[in-house]
Amino acid sequence: MSAHSGGDDPSSNGRQRTADLSVHAAVTSADSALLTGADTVIAGARERLAALSHAIHDEPELAFEERRSAAKVIEPLAEHGFEIETGVGGLPTAFTASYGHGDLVVGLFAEYDALPEIGHACGHNIIAAASVGAGLGLAAVADRLGITVKVYGTPAEESGGGKVLMLERGVFDDTAMALMVHPGPEDIVGAHSLALADLQVVFHGREAHASAAPEYGRNAGDAATVAQVALGLLRQHLLPGQQLHGIVGSGGVAPNIVPGHAELLYYLRAEDSAALDDLMRRASACFEAGALATGCTHDIRQLAPTYTELTPDAALLLAYREQIIGLGRAPIAPELEAARPLGSTDMGNVTNVIPGIHPIIGIDAGGAVTHQPAFAAAAVNASADRAVLDGATALARTAIQVASDELHRDRLSERVKQRQFQRQEDIR
């Protein structure tokens, strides 16, 4: 899959980001009445937003199965007059909630899928509630600001690439800015992520009696073992930022049967798409070696769309940093952000096409990090509820500040036109 499917030319995208930094990274101040209007609505919804976060957390659902969670996110938006469209992009648990008729579309991204066995250990309940809160705040000032507010329900971030599918299918084509916050142990404005390939490697051998006739067998489990040894040896020669990690999905059915089938599930990660392509080539050779050494065959299947690295918009970053600091938070210094990779997210694909941000908002997790059970427990504590409120407020204020700046507003609108033109060209 192209890293820029359905969007701008990657080279022009990179030139635009450079221009953003060098020509006009600063953003003008917004009308205080607009900020106050959004703040008041969000503060008034404090208890409802916390309750939403807790309700999603209480019933974790896996990728593409988030029916109850999606309905919970939709409910407060519908109550406040948002127009709801479900099943967008052909995904049953995806939705769009729209408010207003302005010419600039502000997109707020809600995630709500959980992890197997450990539930909301990535805090997607916080993400969803914060995006709903920001949407309610922006709806209160949408007419005065000349915007349309869209809250997107985006399933399957942990595995499945819901945003990539929605992006490719045109759901976000009219979106001028893409905003969300993600919880973590500390506040990071310019969060970095890694490109990701999600692989299933299946080895095909031949069953035989492991004692009476092993010579007739071809051991697919051994093929997986050889491949994993090769991958382990490869690690010492990886480029900075390249990672590979995985599990054995299956390796046999009984000790006295030579395994005729084995499966590895692996994630490959790298700092950018080019480095990921390099890692994919080298890892594929290790999988091939396992099959070759044992007389087996193998298939490599990609289980989800490739996730690209985050490329946040400079102006949105500056505005968000100003707003989150104004709320009393102390994000890490910009020069330290690159040393805090976050794993991978399908929001990277969105920010490669649409100007956007994916900052981290800190919660008190007692030393736990994401994807640990203790972080799941922390995702509904008092600090998590504060993160919902602060995240919603900072996102709404960021959108207001950037949408109030005519130069940036024109820039964002032009990007939308370019993207829509490219979509029409692709159709032709």
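In which strand is T175 found? This note answers that point and others in turn; the model under discussion is predicted.

1. **T175 and its partner.** T175 belongs to strand β5, which covers residues 175-179. Its relative accessible area is 0%, so T175 counts as buried, the limit for that class being under 20%. The side chain of T175 makes a polar contact of 2.6 Å with the side chain of Y152.

2. Helix α5, made of residues 124-139, contains H124. With a relative accessible area of 0%, H124 is buried. Two polar contacts of its side chain may be noted. One, of 2.9 Å, is with the side chain of D113; another, of 3.3 Å, is with the side chain of E158.

3. **The largest pocket: space and centre.** The largest pocket holds about 1,100 Å³ of space. Its lining consists of 40 residues. Those that lie nearest the centre are L115, E158, Y267, R269 and H371. The reader may therefore find E158 both among these central residues and in the polar contact with H124, where a buried side chain is its partner, since H124 has a relative accessible area of 0%.

4. **The largest pocket: composition and origin.** By class, the lining of the largest pocket comprises 21 nonpolar, 13 polar and six charged residues. Four strands each supply at least two residues of this lining: β6 (182-184), β7 (195-204), β8 (243-250) and β9 (261-270). Seen by domain, at least three lining residues come from domain 1 (29-193 + 310-427), and at least three from domain 2 (195-307).

5. **The second largest pocket.** About 280 Å³ of space lies in the second largest pocket. It is lined by 15 residues, and H192, S193, E271, L310 and A338 are the closest to its centre. The lining divides into seven nonpolar, five polar and three charged residues.

6. **A region listed by UniProt.** An unreviewed UniProt entry lists residues 197-289 as "domain: Peptidase M20 dimerisation". In the model, this span is 34% helix and 28% strand.

7. **Two residues with positive phi.** F64 is not a glycine, yet its phi is positive, at about 65°. The residue sits in the loop that runs between α3 (46-58) and α4 (67-79). F64 is partly exposed, because its relative accessibility of 27% falls between the limits of 20% and 50%. A156, also not a glycine, has a positive phi of about 60°. Its place is the loop between β4 (147-153) and α7 (162-168). A156 is buried, with a relative accessible area of 0%.

8. **V353 and A178.** V353 lies in the loop between α11 (347-351) and β11 (356-357). Its relative accessible area is 0%, so V353 is buried. In sequence V353 and A178 are separated by 175 residues, while their C-alpha atoms are 9.8 Å apart in space.

9. **H209 and A382.** H209 is located in the loop between β7 and α8 (220-234). Its relative accessible area is 40%, so H209 counts as partly exposed. H209 and A382 are 173 residues apart in sequence, and the distance from C-alpha to C-alpha is 59 Å. For the pair V353 and A178, with a separation of 175 residues, the corresponding distance is 9.8 Å.

Note on methods: Residues are numbered from 1 along each chain as its sequence is written. This is a predicted model: local features need pLDDT of at least 70, side-chain atom pairs count only at pLDDT 80 or more; totals for chains, interfaces and linings use all residues. Side-chain values use heavy atoms; hydrogens and water are left out. On a 1 Å grid over the protein atoms alone, a cavity is a set of points where a 1.4 Å probe fits but cannot get out, and a pocket is an open set with protein on both sides within 12 Å along at least five of seven lines; lining residues have an atom within 4 Å of a point. Grid points are joined across faces, edges and corners, and a volume is the space filled by probe spheres set on the points. Ala, Val, Leu, Ile, Met, Phe, Trp, Tyr, Cys and Pro count as nonpolar, Asp, Glu, Lys and Arg as charged, and the others, Gly among them, as polar. Domain bounds come from an automatic or database domain assignment. UniProt positions are given in the numbering used here, feature names are shortened, and annotations may be inferred rather than shown by experiment. Buried means under 20% relative accessible area, exposed over 50%, partly exposed in between (1.4 Å probe, protein chains only). A polar contact is a pair of N or O atoms within 3.5 Å; within protein, one must be able to donate a hydrogen and the other to accept it, and residues adjacent in sequence count only if both atoms are side-chain atoms.
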